[in-house]
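This briefing covers the protein chain and the ligand shown below. It opens with a question and then goes through the topics in groups.

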Amino acid sequence: MKGVRDLWLTFVSTEMGGLTRSLPKEHARRPVMVNGPKCGPAPNTRKDLRISSISRHSTRIEYIFSAQGCTFMRKAASPTQSARFPIIKAICRSIMDEPSEAQLHQVKRLADDYEATGESTEAKALRDILESGAGKATGFAPSRLVRSKANLGGEVLTSKTPAPVDKETAVPLAQVLFPSTAAVSRPTFDPRLKSAVDSLVEEWAHWDELTRAGVDPARSCLIYGPPGTGKTTLALWMARELQLPLVVARLDGMISSFLGTTSRNIGTLFNFANRYRCVLLLDEFDAVAKVRDDPHEVGEIKRVVNTLLQNLDSRRDFGITVGITNHEQLLDAAVWRRFDAQIHIPRPEFATRTEIAARFLGKDFAAPFHGKLLAWISDGLAGSEIESLARSIRKAKVIDGPQFDLLETMRRLSALNSGRVSAERVSQLALENPRLAAALKADPSLGLDTNELAELFGNHPSTIGRWINST
Ligand SMILES: Nc1ncnc2c1ncn2[C@@H]1O[C@H](COP(=O)(O)OP(=O)(O)OP(=O)(O)O)[C@@H](O)[C@H]1O
Ligand SMILES: [Mg+2]
């Protein structure tokens, strides 16, 4: 690229005549090759230059010209950009006392960026600053690693850390899930529940400030409610929000397979969780309570329950513990007391079911009435069942192709899921079209209008109107 700068200066001053005079000084910097062989020969005669475009904007002037098969561009720094550079320099200098690897990397990126747009003076200034910080980098903090929001103590858990195992059989006692790899979306809850969950996550995200101020954050939480309402999903999402690994242990598995050694395994599990910065998730928490009634295991189970309670107590000094159960009525007061927060996840109401339905139906069923209709059919069902019905509808659309009929599919599904879908909905869906249309129109929660019904039934709105009036 040697020689281009001189040529550019000549070019600017001769070819552009009057315009040059109005250019700020920094325009006389070398242009940047934006297209063409990277180290191609620099143009050396004026004839080689062909102006492709000159554009003038209020804050910048751009020139693009071609020479010897390459395209060159000069992008003028706007006056505000130039004025900001001393501030950028000051920021970069201020972090060079104890820079992290990530900070050095970002400053280098900035310098490269200046270089690429022809602002070599700025690029050089940043490189000088970088040199002053080189060798002072503290620890390894790759920019990919997001810092945990809940600043708990303990060692950092990595994918290389061996999971806790049963000492005799080497069977894993827990699974470790990392926030970066866990593909989990926030479950859809009604606004009241959503704000309760948010406030708990917020509390954990301010762990440090709260403990410094002597106000202990909630350290444990019991999530309970009917099956399939999103309890496990919620726990996974909360850990991901906090950017903490989740140590998931299923108490039912631990207890049934290792009853003789359960106490020891519970100890191993808690020691592991207490050593590392993580959220401990005890799924199927009621397993302890269930086996307590087994007359053959009274002695052992008492020991197990005691060990569990002691470990829950000792865990208070370490990290966050989440217990999940479908059978909260089986837990006794001693267990309830151990959990600072208790979140009840009920089966969703109509509005929440509509949101869940729309979410799982996806973009092929984007009309508002699609979600409402599935919510109406899934009266009294949990999120997982709505998800499953939505999946069946989507499958039918693929299989039936142009013949797909939403109403017929819903009728078929209600018959195939008679154990799930309420008897009232099954019998309503079995009605003939005019009577079903009238029933749907009469349902205040659905609020379907005649046009929506016309689309659903594949008839003209006037026909729907007639049906409704005649029934
Ligand atoms: N409220 C919800 N919002 C979005 N998805 C939900 C909701 N409830 C359930 N699901 C979906 O249902 C599936 C099962 O949910 P999850 O396993 O979290 O339920 P659970 O309450 O833990 O059930 P179980 O008590 O049987 O363990 C998940 O795939 C999730 O996507
Ligand atoms: Mg679960």
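The model is a predicted one: local features need pLDDT of at least 70, side-chain atom pairs count only at pLDDT 80 or more, and totals for chains, interfaces and linings use all residues. Residues are numbered from 1 along each chain as its sequence is written, while chains are lettered from A and ligands numbered from 1 in the order in which they are written.

**Overall**

- The protein chain has 21 helices and 10 strands; these are DSSP runs numbered from the N terminus, helices being H or I with at least four residues and strands E with at least two.
- Of the 471 residues in the protein chain, 31% are buried. A residue is buried if 20 or more other C-beta atoms lie within 10 Å of its own, exposed if 12 or fewer, and partly exposed in between, with C-beta atoms placed from the backbone.
- Among contacts between residues at least 6 apart in sequence, 71% join residues at least 24 apart. Two residues are in contact if their C-beta atoms, placed from the backbone, lie within 7 Å.

**The sheet**

- An open sheet is formed by 6 strands in the order β5-β7-β8-β9-β6-β10, with mixed pairing. Two strands pair if DSSP finds at least two bridges between them.
- β5 (175–177) and β10 (341–344) are at the edges with a single partner strand each, so one side of each has no neighbour in the sheet.
- On average, neighbouring strands of this sheet are turned by 20 degrees against each other, direction ignored. The axes are lines fitted to C-alpha atoms, for helices over the stretch in contact, and angles run from 0 to 180 degrees between N-to-C directions.

**Strand β8**

- β8 is largely enclosed by the rest of the structure, because 5 of its 5 residues are buried.
- Val279, Leu281 and Asp283 point one way from β8, and Leu280 and Leu282 point the other way.
- β7 (residues 246–250) and β8 (residues 279–283) run parallel and are joined by 5 bridges. Val248 stands opposite Leu281, and Val247 has Leu280 as its bridge partner.
- β8 and β9 (residues 320–325) also run parallel, with 4 bridges between them. Leu282 has Gly323 in β9 as its bridge partner.

- In α19 (residues 433–442), the buried residues are Leu436, Ala437 and Leu440. They are on the same side of α19, because they cover an arc of only 100 degrees around the axis. The arc is that of the directions from the helix axis to the C-beta atoms.
- The cover over the buried residues of α19 includes α18 (423–429), α20 (450–457) and α21 (461–470).
- In α20, the buried residues are Glu452, Leu453, Leu456 and Phe457. Seen down the axis, they fall within an arc of 125 degrees, so they line one face of the helix.
- The cover over the buried residues of α20 includes α15 (368–377), α17 (406–416), α19 and α21.

**Ligand 1**

- Ligand 1 is surrounded by 16 residues, the closest being Gly230, Thr232, Thr233, Gly383 and Ser384. A residue counts as near if its C-beta atom, placed from the backbone, lies within 6 Å.
- α8 (231–241) and α16 (383–400) are the elements that give two or more residues to this shell.
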